[in-house]
Each structure stands twice: as C-alpha cells, then as structure tokens.
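Take a short walk through this protein model. Keep the sequence and the 3D view side by side.

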Amino acid sequence: MTARRLKISIMQKISRLQRVQTLLLCDKPYWERGIVIAGIDEAGRGSLAGSVVSACVVMPARDIIEWIDDSKKLTEKRRESVYEAILKKAVCIGVGEASPGEIDSMNILNATKLSMRRAAEQVPAELFLIDAVTRVGLSAEERPIVHGDAICYNIAAASIVAKVVRDRQMRQMHLVYPEYGFDRNKGYGTYEHIQALRIIGPCPEHRQTFIRKFIA
C-alpha cells in the first residue's frame, strides 16, 4: 500500500469512528443510567410489494461496531457484512413483519406499528427508541426519535437488520416472480416494476392499495 492510499485509509477509519461516536451520543446517557434500551426501525414502508419488516435490537454498550450507520448510507455488500456482525454482538434481536394483506386491510402506518410490536415482543427492554413512529403500543416506555436511524446507534443497528432481512425476502420472491425485478428494485416503484405491473398485472405479493393508480 502506497503512503497516499494508507493515509486515505486512515482518514476513512477516523471518519467512521467519528460517525459512530456521534450516533452513540444518543444511547450513552441511557447506558450510563443502567437503562436497558432497544432500537426499533422498519424497512419496506413505501414498497409496492412484500411485507413491511421491523427489527428491534439491543446492542451492548461495549464492543462497538464501527460501521453501524443508517442502513441507507451503506452499500448492500457493507450492510450484509455489518448485519452479520450485529448478529454476533447484539444482546437481543427481534424481527417482526406485516404482510401485504395486513397492509391493505389496516393501512401502512398501522401495519408498520403491528410489525414493530411483533419485533419488540421478542426483546426485553425498559425503553424502546423508535425511528419516528409514535404510539406503537409496546409493553415498556416508547421514545420516538425523528431521523433516529441517522442519530441513534441502536436504531441504526435495527435499520440494518430490518433492511437486510427484507432485501433477502425480496430476492427470494424474485425467484418466484422474476418478471417484476424484485431482486433489483426490492418492490419499490421503479420504471421497470411499474411497466411490468401494467403489462402483466399484479402478483399475490403486491399491496393492492398501493398499486391501484398504476393499473387503473
């Protein structure tokens, strides 16, 4: 490695460490008071197909993972790597989802809350830090944090778990319904996906209330 590349590598590592330290500013006050906190976030809320998936994660106060960040800021390869690290180091992880049928019957906000409750039921915590959503109906105190996945370590970890779990589901769904390009668009309304909807029509995994304007 040349001196210039080594310098760039060191600067990138410093930047990552500074970033994770910024995220930890949200969590540290609770850890210092001995409060068991869990972060909750969802993936797939705006998708036209597939479930909405939520994760509830309790990360340890020590052994920090330097790459944890808002899942949207990581490449797919990096997300997969960090996801595996989270599985190894997390104190507890819960994953819940709400199906397309449930989304259609109760609307996406209520379905998101349902998926969050299902995830949180698997995790003992005294305080749940939730990315933006209010009044979820959990068994312990809830604290909604706007843009929580970008400013809170535990919520960022939950965002990665939810995103990776859902992306893997969509890749599996692609094997059954390859016409829609679910492996690439993850169910979101890309041009390719909408054109397939208009030509082929929906599959059982589509959210009927989301696609009406595209196939009317």
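This is a predicted model: local features need pLDDT of at least 70, side-chain atom pairs count only at pLDDT 80 or more; totals for chains, interfaces and linings use all residues.

Beyond its neighbours within four places in sequence, V82 is in contact with I65, W67, I68, L74 and I160. The residue belongs to helix α2, which covers residues 76-89. Is V82 buried or exposed? Its relative accessible area is 3%. Buried means under 20%, so V82 is buried.

The charged end of R78 sits over the ring of W67. The distance to the ring centre is 3.6 Å.

How many aromatic pairs does the structure hold? There are 2. W31 and Y153 make up one of them, and their arrangement is edge-to-face. Their centres are 6.3 Å apart, with 75 degrees between the planes. What does this pair tie together? W31 lies in helix α1, residues 3-32, while Y153 lies in helix α6, residues 153-176. The pair therefore links parts that are 122 residues apart in sequence. W31 has 18% relative accessibility, so it counts as buried. Y153 has 0%, and therefore counts as buried as well.

Y180 and F182 also form an aromatic pair, and this one is stacked. The planes are 20 degrees apart, and the centres lie at 5.3 Å from each other. Both Y180 and F182 are buried.

Finish with the empty space. Rolling a probe the size of a water molecule over the atoms shows where such space is left. In this model, the largest pocket holds about 230 Å³. It is lined by 16 residues. Closest to its centre are E42, A43, G44, S71 and K72. Which element gives the most to this lining? Helix α6 does, with 4 residues. Strand β1, residues 37-43, supplies at least two, as does α6. By class, the lining of the largest pocket has 10 charged residues, 4 polar and 2 nonpolar.

Note on methods:
Residues are numbered from 1 along each chain as its sequence is written. Side-chain values use heavy atoms; hydrogens and water are left out. Rings of Phe, Tyr and Trp (its six-membered ring) pair if their centres lie within 6.5 Å; planes under 30 degrees apart count as stacked, over 60 as edge-to-face and the rest as tilted. Buried means under 20% relative accessible area, exposed over 50%, partly exposed in between (1.4 Å probe, protein chains only). A charge sits over a ring if NZ of Lys or CZ of Arg is within 6 Å of the ring centre and within 35 degrees of the ring normal. On a 1 Å grid over the protein atoms alone, a cavity is a set of points where a 1.4 Å probe fits but cannot get out, and a pocket is an open set with protein on both sides within 12 Å along at least five of seven lines; lining residues have an atom within 4 Å of a point. Grid points are joined across faces, edges and corners, and a volume is the space filled by probe spheres set on the points. Ala, Val, Leu, Ile, Met, Phe, Trp, Tyr, Cys and Pro count as nonpolar, Asp, Glu, Lys and Arg as charged, and the others, Gly among them, as polar. Contact means heavy atoms within 4.5 Å.
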